[in-house]
Structures are given as structure tokens and as C-alpha cells.
Number of protein chains: 2
Amino acid sequence: MFGRTYYCGEVTEQAIGEKVSLKGWVQRRRDLGGLIFIDLRDRTGIVQIVFNPEESKEALEIAETVRSEYVLDVEGIVVARDEATINNNIITGKIEIKANDVKIINEAKTPPFMIEDRTEVSEDLRLKYRYLDLRRPALFETFKMRHNVTKSIRAYLDGEGFLDIETPILTKSTPEGARDYLVPSRVHPGEFYALPQSPQIFKQLLMVGGFDRYYQIARCFRDEDLRADRQPEFTQIDIETSFMSQEDIMAMAEQMMKKLMKDVKGLDIELPLPRLSYEDAINRYGSDKPDTRFEMELINLSEVVKDSGFKVFSNAVATGGQVKAINAKGAAGKYTRKDIDGLTEYVNRYGAKGLAWLKVEENELKGPIAKFFDVEEQKALRAVLEASTGDLLLFVADKPKVVADALGALRLKLGKELELIDESKFNFLWVTDWPLFEFDEEDGRYYAAHHPFTMPAREDIEQLESKPWEVKAQAYDLVLNGYELGGGSLRIFERDIQEKMFKVLGFTEEEAKDQFGFLLEAFEYGTPPHGGIALGLDRMVMLLAGRTNLRDTIAFPKTASASDLLTDAPSEVSKAQLNDLYLSLNVRK
Amino acid sequence: MFGRTYYCGEVTEQAIGEKVSLKGWVQRRRDLGGLIFIDLRDRTGIVQIVFNPEESKEALEIAETVRSEYVLDVEGIVVARDEATINNNIITGKIEIKANDVKIINEAKTPPFMIEDRTEVSEDLRLKYRYLDLRRPALFETFKMRHNVTKSIRAYLDGEGFLDIETPILTKSTPEGARDYLVPSRVHPGEFYALPQSPQIFKQLLMVGGFDRYYQIARCFRDEDLRADRQPEFTQIDIETSFMSQEDIMAMAEQMMKKLMKDVKGLDIELPLPRLSYEDAINRYGSDKPDTRFEMELINLSEVVKDSGFKVFSNAVATGGQVKAINAKGAAGKYTRKDIDGLTEYVNRYGAKGLAWLKVEENELKGPIAKFFDVEEQKALRAVLEASTGDLLLFVADKPKVVADALGALRLKLGKELELIDESKFNFLWVTDWPLFEFDEEDGRYYAAHHPFTMPAREDIEQLESKPWEVKAQAYDLVLNGYELGGGSLRIFERDIQEKMFKVLGFTEEEAKDQFGFLLEAFEYGTPPHGGIALGLDRMVMLLAGRTNLRDTIAFPKTASASDLLTDAPSEVSKAQLNDLYLSLNVRK
């Protein structure tokens, strides 16, 4: 047996007549009229091997014992297939390999599921046998794309003078934001490292250190209650620069994405990318990450209905709320009363108390609330909502946040149900002019909308302490098809502004010093203006690969309860290990 | 003020007459005859700015207030320097910038040390102010080189079809080997993740998954007692392939290193790289990672002295020990009796009970032990040691391991003291044919010399359980200038061999299943033969950059006690954080 001459999926007619050596897995075996056909698979695809007694009786005998997923080393001659057996669906479909030698490198038990793109088995089973799941061609292709994504991004950033710098994984715990994963120290009893939620502080310190342009494809960690699209560890494309304006940074990120889309998808995207202010995004789409692949925008009717006889509407406006609607074009016939009850339940989840609706007929609006609107009012509604016969109008009257959340979600749901979304589109969008703070009514305090290092808009700095709710951030999010790809900001680089920021966030002077003293001190030694952006790699790959499950983009992902079903992590450790760390458990195991 | 037009270090005569905008840090300010000269620095170098009252009085006034490390935004015209003031040591030395506008972007306190390559301050102070330390040009150049190293390696591996795949950081604790860092789980009370000591198992599972060629520039973690050249987190270039022989993998790694040396150092290295078996390395250099930039090999004298009247020698041979010597050419005059006492103390540290010595004179050997050797014996020693007048011969008689350790270390020490080492050389070397196991006399058990997944030599498999001490590994280490750059091996891919391996290592069947059951199971589903190599990136950069401190290659390194002096990690965490993790401390804080 000699070394591999071709990958399975790459043997074409060019190779006819060549003696080849192939190595791979048995996709399937068929016995047919004294011959044996084996589809041999590797990461590049499949090639057909034929064993026949004239060529080699020994090889045929070995082939008879072979089963699915056996690992074979095959030697043979590439021959053209008969016209009748040509398979134009695969690259190797015009040839086959006449085997004259075969060796079983390793055997295989019957796998718990078939190695095919379409698989119906539970995800838990696939995760337990992840190494078999990874053999499925579509999954492999996703990781190849992931490789190509980082390759394209590294090439772009290298060309622009960015240096790839690694920042620590064992770092300091900072209570702001999500929960840290902690790592007990053996050398320092009772002390802990934390795994970083992002390299934020270190990349800023690199700017203080004059590095000027930094990037890293960085692992980050968040001990949050997981949702379907969250992982305890995730990867971000982390970029920071000095002496660049917000416009400079956005333009650079756009160029990077343009190159990426060309390299990975072969698509030309047009620059500059569209922009929406945060306020407009909420007003028009009810979302800070709008999917702009379809319209169906939220229309504000507060003016039109503020004096309406329909008290639900007029009262909402009178008490500081809003009335907004979406027009589901041509959907009147597609939604029965019962369907609409379902939509009502759906918006209830977003806090909306109800969902009013009207169907547009030639001469009138129909529906339970139609009677509250006289002819003039109906005309006004039609005009503002650009309604035509057959449209379904859906209204929410509530506090602005509830209206946005409910109608924003309903818009997406209807967009999918009505098949308004062109899945081949990649709609990028910047969302800008974010508020600097979010007020949390439960805690009665302000939180940083992005993080505590975001630079306020220069013209708002005076109001940082007096009117924090009015302060805008020099921040920008990049949105793709309704997903937040990532975001960035200019950072605070002056000690006094950073101190004020901590104060608004409720830090005492001592707390600020305790947790971020080193950063405040760094700001006193000649800190340049700086800013950057961080993009989520896992989600980016998911969207570019057209997948819907974030776990398909991570080689060894964890479940929603943060378990690795393959290695069985986390797991118990020995008493000795705990003693080394000066720890005891408050739980009986 | 407009955007930066040049980096400071890149303004040359080509730009004379141009109006430029520069941003950077004040390296120094000199006031001279009514003018002010400022050396402005950024990551590319330094440029001289001149402020004079004719050009701009306002700018001059601002410049008067400027101190070291202030961040400036300067506008001005590039002009040629007077012949007399040209500085040929720097790229920008033929020009200067006549400033017509300047803005202080940020001020700076007096830094705790000067931002210069030669700095005398303690490393602790430099680490506490790492962001200032990083401004030193030599340190920045090291990180630029690190970027170029990974760039070259990624380009090579990408070209060879390797995919960059990320493996988990939150993984399962396995007691074999060094101590794991543990991460308590909040969702699974009493359970822990471990940070990986290497991606070993995951990369093998990727091979089981048919990925064929994997690489990763991977962060690894080891909770060991630190030495000067160890860090709790370190980075390795981690490579794994399927269906390749040991020769294939070594050849590939050589090509990668050849390209790297060309890309980063502009050097052509000759392939194939030299090789030594483990046994020869120990015999000839007393080290498994010999520095071959100089000779002074260990010479075995056991045959020559076995019947010597010098009982220390003859007894050593009679009791299964060895007598070996090194010949320090021409060093007789350089080492006094007292110096040699110092060398004796040095070899004591390696367990040698003594260091015998002889100085070679024209007609005789001189020294305390000379009298034990008659003329014939002296002649024989001279011949075997290739001794000439003026040489210093140094002998150790002891158990083979002590002889190797002591003389190996002494050889390196003398090599340095006698300046035998050509620091411009990059001597690569493969060390092959490693033993599979090491016997630990204290624990009375075998340990895996590399790791438990290393494939035994095919011809030794029969003896795996019966004579483990004789079993060789299909393993190879890459050595550079006396440092282990990294190592690799073919891996076990058959369940029964892996099970035997665990047995020899003292695992009960249950322990093996408990810790590595998923791997043993994976081996049953069609595992390809596979192997790889892992190279230490930090150390590689250290050697290529000609530095001696591993911490200079890591942006934010930790001290020997695993502390980050900048952020003060590890640190105490709140009671609430501990409660969330079901932990209490066995130490009063």
C-alpha cells in the first residue's frame, strides 16, 4: 500500500487510467451480480469502488466483509463508467475505481445514526456521538466555511496593519455585566481568576500601550442561563484601533465585510452599508436589529386615533402610550379569526394586552373594532396604512416599549408565515446613535447599554450625571438579516469621564477603584483616543452557511444546560483536587 | 485637525514639502534657542517636530507645556534637516516637521520608568505598568514578529488543506499529567469543567470525525509550580492529520519551519533537518534537547578506565555506572582550581558526587587525579578525548542518568562561558525513537513519556505489558538551539492497544472507562490512523526574536506565582458568587 494519491471526492475523468491509492470510510456497500460496489467517503466527497473477481479475488473477498464506516485503504485503476451508470450529481460520477488491492485499516460498529445530511435523530444523540455527526458532509462544509471566514478576515486586517495579539484567559473577575466563570487559584488560597466575557479591557490597554491596531479571534465566556442561540464559550472577532473616528472604524469594518462576502459567498455587497438610528429602528421595525429583507414597517397611528371613539386607542395615547399597526398586505384571506386569536396569544408574550385587527374590504374595514371608526376615520386609517383590499391590519396600543416589542415580533412572525423573506439576501445594516444607558425598573438603576467604557456623544457629556437618559453613545451595531452580528463604540479615554460613568452606574468611588483602578490609572499616562468593534464569529458563520442552529458552527458545542454530552463535562472531581484549591462543596454528591 | 497622514516612523525625504498630520507620544522635548524640538513616537518609530515662533506662536506656546508621554496631534510641513543635524540612525533622520498646529489629545503623568529599550527597572514594576512597558520599541517588535510567525504558519497550513478548528476551553478534568485548572459549574452543583492542558483528545476526535487535517493556534493551561520559562496559560501550534506516516508528518513540519524561517528571519534552512535518536542525544550531549550549535560532546571512557587504579572510576563502571568526560578545548588556562571548585558545586546540583579534572600539558596530564594514571593510560585518555595542550578535561563517574544530567548541564555552562555558541545560528534537530514510558522510582509506576495516546513502535507492541521499559514510541521532538520547540507522535487508533496502554499506566478498567470511555468508544466507529505535532508558540517567538524571557512574548503575562500584577488577578470574589457555585472556602480571608 502506498500513500494517498487523491482525496475520494477529487478523482475525475482527468485521472482515467491512473493507478490510485484512496483512503476513506465506507458510505455503503452493494453486492450486484458477483461484483461489489463500495462508495468510499472522505471529507471531499464520495467515489465508487468496484471489486470484481477477475481483477483481484483477494480484494473481492476482503470487500465482502466490509460494512458501513469501515476505514479502507484501496488501490486500483481509474476507469470510465458505462454511459448508463454515469451519475452527474457528483464530481466523481463519470468514473469508478477498479480495485486491485484493499486493506481494512479499522473496523466499525453499526453507528447509532446514518452519516447523511438529512438525519432525523435527536440532537442529544448527535452531540454524544459528535465525532460521527461531524462526518456528515453539510457539517464539514460549515467548518470549512468557518475556516474561510477567519482566513478572509485575518487577511484583511493584516493588510490594514492590525496585529493579532492574544490576551489572557485567566483574568480578573468584574461584577458588571453577565456572570463570570471563576477559576480557583491553588497558589493564592481563596482567590479566583475569571474567564473573560470579552478582551475589552486588555484591548484598551493595548491601545494605551501604543499598539495602534489590534485584533484577535478571541474566545469569550459567559455563565448565563443559556438560550438556544447562546453558548457558554463563544468566539468574537475583536478589533481595536487608536486615532480613528467612528466613521473611520465603520468604513473599515464595511470593507472587511465586503471582502468577506466576496471571498466566502462570491457576493458583491454595496458600500456604504445602510444605516438607521436606534430610534428609527425601534420606530419603524420595533427592533434594534431589524430584518430589512422585507418591509411591513410599523406605522404610528397615534395622531390618527387620538380622538377615536375606540377608547382602547384614545386612552393609550392620552396616557403617554402609542397606537401602532402593521399592514400584512394581502393576508386578510389567509388568517381566520382563530388564526388571529393565535397571533393575539403571541403578542401577549411580549406584554401586549391585546391585538386589534381589521380586514380591508373594497368598501369598508371589517372586524370587531370596525364599528368604532366612522367613514372619515376609516379613510384616514386606509391612507396612513396604505391599505388595499385584502390587507390585514394589526394594531397594538400600549406603552411604547410594549408596542415595539409586540409588533416587532409579530412583524417577523408574519414575514416568515407569509414568505416575504428572500432567504438568498444578505441585508447588512448599521444601527447607530444608541442610548448610553438603559434604566432597569426592577433594580431602580442605570446599566450601560453596551458596556461601561463606551464614549458618550461629545455634545451630551455635560448631561452625563444630570440627564443620563438623554445621553447618546458613540456606538454602532452591525445587523445582518435581523441578527446582531456585533457592535462597537468609541471608548472613554479620559479618567474624569470614566469616573463619572462609573458614578452614574452606581459604583462607589472605592468600588470603581477596586475593580478598575488599574484602568483609571492607565488613563493618566497618555491614553490615545480609541475605539473598535467586536463581531460574533459563531453567529456570522451560522448566517453565512445558511444554518439555523448555532451549535452546527462549533465543533464541540455544549447543550442548553452547558453540558458537553460527548466528554461528560462538567463532572465531579476528586476530594484531593478540591483540597488543593482550599474549597469545599455546599452540596452533597 | 485632520486624519493621520503618516505614521511617525515612516516620514522620509519622499514627503518633503508635504503637509502632514501625525499623532503620537512625546518621547522627549528639548528647548533650544527659542525653538522647541519634540521627538514624537508611535509604534513605527520617531520623528522630530520643530516648533518655532515664526511658523506658529500658538503652537509654540502649547509645545512649551508638553511633557514626556503626552499624546499629541501635530500638523506641519515636512522639511529637510540641515546637513549638520542629519541623524542616519533613524529612517526619519533626514527630515523634520515644521509644526504649524498642535493639539494636546491627552496629558501624562511622569511615567514610573522611561520608555526605552534599555531599562533597568524591576520586572515587577514593568508588569504592573505593562501598558507602558509595551510602548518600548523592542517589545512591540517582538509582538509584530509573533504576528508574523502565526501568519506564516497559517498560510502554510491553509495551503496544505489544514482547517483551523476551535476546540473547547471548558472541558473535562482528566487526572493524568499536570494539574488541571478547574471551573466550578453553577448549573450542575458540585461539578467542574477543566481548562485543557492541550486539545489532544479533541483533535483526535476530529480525526475520528473525518476532518483529515486540523490545526489550531490553541490556548492551553497548566496549574503547575511555575518556573521562569513557564506560564499558567500558553499557546501551542497544534496540528493533527490522518493517514500520514511519521515521515510524512515530520517532512510537513519541516516545510512549515522552512517557510517560517524564510518569512520571519529571511533565512534559508536546509532540509531535511538533522536527526538524533533519543539514545544518541543522551549519549552524546547528555540531553534530550541538545544544543548543537557547538560540539564538546560527552565521551564515554568506561572502556578505557574500567581497570584504572583510580577506584572512583573503576568502581563506577563495575557497579553498572559510567565514566564520561567532556574536553573543554583550550580552557585549561581559563579555569583556576577555585573556578573548578565552582564547576564541581554546579554538577552537584545534578546529583553528581564529584567532578574529576585534568589539564593537558605538553608532556603530561596535570591535576589531583593525574597520579592514578600511568603513561599508557594517559595516552589512551588523550587519544579518546582528542586532547591537545591547553585543554581542560572534566570527568563524571556515576549512574548513567546522573552522568548525562551533570555533564549535559556542564557542557551548556562551559559552552556559554567559553563563548562557543554562535548566537546567529538556528540549529534545528529532530529527536526520535523516544521510550514510550518513564518509570518513576518514587511512585513505583510507569508514566507516559509523552502522553497516554502515543502509538508504540509496531515491532514493540507485543512487549507493551511484558517489557514496557523496552517499548519505543512513534514520537518525535523538534529542538531548536537546545530548547524543545515541541513534539508529536502517531496516536493509538485501536481500542485494544489503548486499553493496554491505560493498564500499563496503572488505570483500573473502571478508571479508564470513567475518564476516557468516550474515546475508547470512538475508536470502535471507524477511526483512521492519525498523528500530529504541537509546537510551543511562546518559546518559538522568544527564540526567533532573540529574547531570553518568555514573558516578553506574551502581551499580559503572569509572574512566577501566576499573578497578573496589572489587573491584580487572581483576587477575592464575593460571597454571593461563591454561593452561586455551591462552594465555600477552607481558608480564612
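In the predicted model, strand 22 (residues 530-536) of chain A is largely enclosed by the rest of the structure, because 6 of its 7 residues are buried, that is, under 20% relative accessible area with a 1.4 Å probe and protein chains only. Strands here are DSSP runs of E with at least two residues, and helices are runs of H or I with at least four, both numbered from the N terminus. Strand 22 of chain A pairs with strand 10 (residues 233-242) of chain A, the two running antiparallel and joined by 7 bridges, where pairing requires that DSSP finds at least two bridges between the strands. Within this pairing, Q236(A) has G536(A) as its bridge partner. Strand 21 (residues 483-490) of chain A is also antiparallel to strand 22 of chain A, over 5 bridges, and S489(A) lies opposite G532(A).

In chain B, the 23 residues of helix 4 (residues 137-159) should span 33 Å at 1.5 Å a residue, which agrees with the 33 Å between its end C-alpha atoms; the expected span is 1.5 Å times one less than the number of residues. Just after helix 4 of chain B, G161(B) adopts a positive phi of about 85°.

Chain B is superposed on chain A by a rotation of 180° with 0.0 Å of shift along its axis, at an RMSD of 0.1 Å.

Residues are numbered from 1 along each chain as its sequence is written, and chains are lettered from A and ligands numbered from 1 in the order in which they are written. Local features need pLDDT of at least 70, side-chain atom pairs count only at pLDDT 80 or more, and totals for chains, interfaces and linings use all residues, while side-chain values use heavy atoms, with hydrogens and water left out.

Notes: Buried means under 20% relative accessible area, exposed over 50%, partly exposed in between (1.4 Å probe, protein chains only). Copies are superposed by least squares on the C-alpha atoms of residues with pLDDT of at least 70 in both.
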